[in-house]
Amino acid sequence: MEPMSTAQVVAVEPGSPAEAAGVLVGDELVSIDGEALRDVIRYRVLSDGADPHLELRREGAPLALVVAKVEGQPRGVARHD
């Protein structure tokens, strides 16, 4: 199965784990915990876990962030595929 296209962050909820980690609107999500995203379902499973490691692209430059959260806690990010 081919990876899904890079998802772009369209909103970051104020006070959310994603905001605390430094995720910004416009960031492109490349992978979670080292796994390229194949589809929306896999994205949800990977990002629902505790402390997901995000590989992002910001203005074309690679960026790695960890979203400190407990399993099942909302991330606070909206994305557009």
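Author: Let's start with E28, which is partly exposed, at a relative accessible area of 26%. Buried means under 20%, exposed over 50% and partly exposed in between (1.4 Å probe, protein chains only). This is a predicted model, where local features need pLDDT of at least 70, side-chain atom pairs count only at pLDDT 80 or more, and totals for chains, interfaces and linings use all residues. Residues are numbered from 1 along each chain as its sequence is written, and side-chain values use heavy atoms, leaving out hydrogens and water.

Reader: Which side chain meets that of E28 in a salt bridge?

Author: A salt bridge puts a side-chain nitrogen of Lys or Arg within 4 Å of a carboxyl oxygen of Asp or Glu. Here the partner is R57, at 3.9 Å, N to O. R57 lies in strand β4 and E28 in strand β2, 29 residues apart; strands (E, at least two residues) and helices (H or I, at least four) are DSSP runs numbered from the N terminus. R57 is partly exposed too, at 30%.

Reader: How many salt bridges does the structure hold?

Author: Three. Another joins D27 and R58 at 2.7 Å, N to O. D27 is buried, at 2%, while R58 is partly exposed, at 27%.
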